[in-house]
Amino acid sequence: MSEKRLSAEEVRQLYDRHGPALVAYASSFVSDPATAEDVVHQVFHRLLSAEIVMPEAPAAYVYRAVRNEALNARRRGVRNVPLDPKSGVFEHRDGNPEAALTLQRALSELPEEQREVVVMRIWSGMTLEEVSAATGAPANTVASRYRYALAKLREKLRPFRQS
Amino acid sequence: MEDYDEQFEKYLAEFRPRRPRALPDPINTHRVWPRRLAAVAAIAVALGASPWFSRANNSKDKDSVVKNVNVIPDIKREPPKLSLVTVTQMALKDPDQLDAQLTEASRRMLPDFRGSDSTLRVLAKE
């Protein structure tokens, strides 16, 4: 893929589309939602400063960058607070904080590659083909990861769906 | 791609991740201000350091001359180098001394035309 330097407008569009999903993704590495948000912000700050030349698809790049930044934050010992229902990363449409918290916990328990596929697909609105292109994993592998991830999440969220 | 549990996908989509705070608006200020500040700081340091450097050089020259005079009395005493700052200070304090210094400096720095083997005589002969 060709290298590209994004304009400020393109960075903002990327942020609008993927920002919330990236916060959810980052929060599966660092449990503190504020830190997850800081991580995403730092990545986009660097993009805005136009110092980054993207060697790949923008979505793939920001996911990789957020992952690395979140892992660095975790290594630096940024506080790892217990999940708080009031300040979780997710909000449920019907306002069920317990379900939202369970989802956040379940996501962070998924293997990294499965978690990535689910977040990209559900909250970044990417097709599995796009996820495949972004992650560099074959389409069939991505599909399997997605299927396994959904099965695990379904199991964890079953009590809330029944109620 | 396979057909997945669409209902469960829809259920998951009911959870919305929190929207992060907005990105800062004036992007360019991040890039321009540090450079401007650095440039201003560099100029300020250069301006502040130049008198100090010239004084330091002058005092160093004087010291070395004094030492040389003590050790080897025959060596000619080299006059201090003239910087823009010292010349300005001298012009304000003692114009006569400035004239003397400039005359002496011109003898050292300009080609000598008085001696038998001066540059001008050599050129004239050619």
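1. The place to begin is the largest nonpolar core. This core has 50 residues. Within the core, A:Ala26, A:Val39, A:Val40 and A:Val66 touch the most other members. Several elements of chain A give two or more residues to this core: helix 1, helix 2, helix 3, helix 4, helix 5, helix 6 (128-135) and helix 7. Helix 1 (6-13) of chain B does too. The largest share comes from helix 3 of chain A, with nine residues. As background, nonpolar side chains tend to be buried together in soluble globular proteins. Note that the model is predicted.

2. Take A:Val39 as a way into that core. Which residues is A:Val39 in contact with, leaving aside its neighbours within four places in sequence? They are A:Ala26, A:Val30, A:Val66, A:Glu69, A:Ala70 and A:Ala73. Two of these partners, A:Ala26 and A:Val66, are also named with A:Val39 among the core members that touch the most others.

3. Now the layout of chain A. There are seven helices and one strand. Along the sequence the pattern reads α-α-α-β-α-α-α-α. Chain A has 163 residues, and 44% of them count as buried. Consider the contacts in chain A between residues at least 6 apart in sequence: 67% of them join residues at least 24 apart.

4. Helix 3 of chain A spans residues 58-75 and holds A:Arg64. Is A:Arg64 buried or partly exposed? A:Arg64 has 15 other C-beta atoms within 10 Å, so A:Arg64 is partly exposed. Buried would take 20 or more, and exposed 12 or fewer. The C-alpha atom of A:Arg64 is separated by 9.5 Å from that of A:Ala134, 70 residues apart along the chain.

5. Next, the contact between the chains. Chain A brings 31 residues and chain B brings 21 residues. On the side of chain A that touches chain B, two or more residues come from each of helix 1 (8-27), helix 2 (33-48), strand 1 (90-92), helix 4 (97-109), helix 5 (112-123) and helix 7 (139-162). Helix 1 of chain A gives the largest share, eight residues. By class, this side of chain A has 20 nonpolar, four polar and seven charged residues.

6. The two chains also pair through strands. Strand 1 of chain A pairs with strand 1 (residues 15-17) of chain B. The sense is antiparallel, over three bridges. Which residue in strand 1 of chain B is the bridge partner of A:Phe90? The partner is B:Pro17.

How values were computed:
Residues are numbered from 1 along each chain as its sequence is written. Chains are lettered from A and ligands numbered from 1 in the order in which they are written. This is a predicted model: local features need pLDDT of at least 70, side-chain atom pairs count only at pLDDT 80 or more; totals for chains, interfaces and linings use all residues. Two residues are in contact if their C-beta atoms, placed from the backbone, lie within 7 Å. Helices (H or I, at least four residues) and strands (E, at least two) are DSSP runs, numbered from the N terminus. Ala, Val, Leu, Ile, Met, Phe, Trp, Tyr, Cys and Pro count as nonpolar, Asp, Glu, Lys and Arg as charged, and the others, Gly among them, as polar. Two strands pair if DSSP finds at least two bridges between them. A nonpolar core is a set of buried Ala, Val, Leu, Ile, Met, Phe, Trp, Tyr and Cys residues joined through C-beta atoms within 7 Å.
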